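Welcome, and take a moment to look over the model below. The notes after it walk through a few of its features, topic by topic.

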Amino acid sequence: MSFRTLPNYLAALVVLIGVSHSIVLFRHLQFTHPWVDIPLHLAGGLWIGLFSLWLYYSDRTRFPEKDRSLHFVVTVALVSSMTIGAAWELFEYVVNLLTVGEFYDLVDMLADLTNDAIGALSGAAFFVKRGYNREQ
């Protein structure tokens, strides 16, 4: 798989996440199977990490000189995933507060962020293993 095909895989992954999340919401699976958000957070972290890396390495105008180190790849994937994941958890907290007004589950939030991080690390590992961080 070349670097140019990565957007196709990103598009397929986001469609898969969207369809899966829609099924979970439509069938209310989050109530009968509370673990169902684990694979969604893993896939979301994977997508955000890979998308951020693809965005950085494909932009030749704003970032002409690329840092190609493993440390940088992992940092970009983790920081982007944790930023979006924290924003999502804040959104969930506000919606929960405004709709049902019950206590927010801190353990669930930390588990979700951990799954986001695992997904991002998986994306970084895939990116490096495929050599996408090398000169194109």
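**A first look**

Tyrosine 57 counts as buried, at 2% relative accessibility (buried means under 20% relative accessible area, exposed over 50%, and partly exposed in between, with a 1.4 Å probe and protein chains only). This is a predicted model, in which local features need pLDDT of at least 70, side-chain atom pairs count only at pLDDT 80 or more, and totals for chains, interfaces and linings use all residues. Residues are numbered from 1 along each chain as its sequence is written, and side-chain values use heavy atoms, with hydrogens and water left out.

**Overall layout**

- The protein has five helices and zero strands; helices (H or I, at least four residues) and strands (E, at least two) are DSSP runs, numbered from the N terminus.
- Along the sequence, the pattern reads α-α-α-α-α.
- The C-alpha trace spans about 50 × 25 × 25 Å along its principal axes.
- Of the 136 residues in the protein, 32% are buried.
- Among contacts (heavy atoms within 4.5 Å) with a separation of 6 or more, 71% come from residues 24 or more positions apart.

**Where α3 meets α5**

- Helix α3 covers residues 37-58 and helix α5 covers residues 106-129; their axes come within 7 Å and cross at roughly 45°. Axes here are lines fitted to C-alpha atoms, for helices over the stretch in contact, and angles run from 0 to 180 degrees between N-to-C directions.
- α3 and α5 are therefore oblique to each other; angles under 35 degrees count as roughly parallel, over 145 as roughly antiparallel, 65 to 115 as roughly perpendicular, and the rest as oblique.
- The crossing of α3 past α5 is right-handed, a term for the near helix being turned clockwise from the far one by less than a right angle, with anticlockwise giving left-handed.
- Residues of α3 in this contact include Leu46, Leu50 and Tyr57, while those of α5 include Ile118, Phe126 and Phe127.
- The residues of the contact of α3 with α5 divide into 12 nonpolar, six polar and four charged. Ala, Val, Leu, Ile, Met, Phe, Trp, Tyr, Cys and Pro count as nonpolar, Asp, Glu, Lys and Arg as charged, and the others, Gly among them, as polar.

**Where α3 meets α4**

- The axes of α3 and α4 come within 8 Å and cross at roughly 130°, and the two helices are therefore oblique to each other.
- α3 also passes α4 in a right-handed crossing.
- Tyr56 and Tyr57 are among the α3 residues that take part, and Phe72 and Trp88 are among those of α4.
- By class, the contact of α3 with α4 has 10 nonpolar, six polar and one charged residues.

**Aromatic rings**

- Eight aromatic pairs turn up in the whole structure. Rings of Phe, Tyr and Trp (its six-membered ring) pair if their centres lie within 6.5 Å; planes under 30 degrees apart count as stacked, over 60 as edge-to-face and the rest as tilted.
- Tryptophan 47 and phenylalanine 51 form a stacked pair, 4.8 Å centre to centre with 5° between the planes. They are four residues apart in helix α3, so about one helical turn separates them.
- Tryptophan 47 is partly exposed, at 22% relative accessibility, and phenylalanine 51 is partly exposed too, at 28%.
- Tyrosine 56 and tyrosine 57 have ring centres 4.8 Å apart and planes at 85°, so this pair is edge-to-face. Tyrosine 56 is buried, with a relative accessible area of 12%.
- Ring pairs link Tyr56, Tyr57, Phe72, Phe126, Phe127 and Tyr132 into a cluster.
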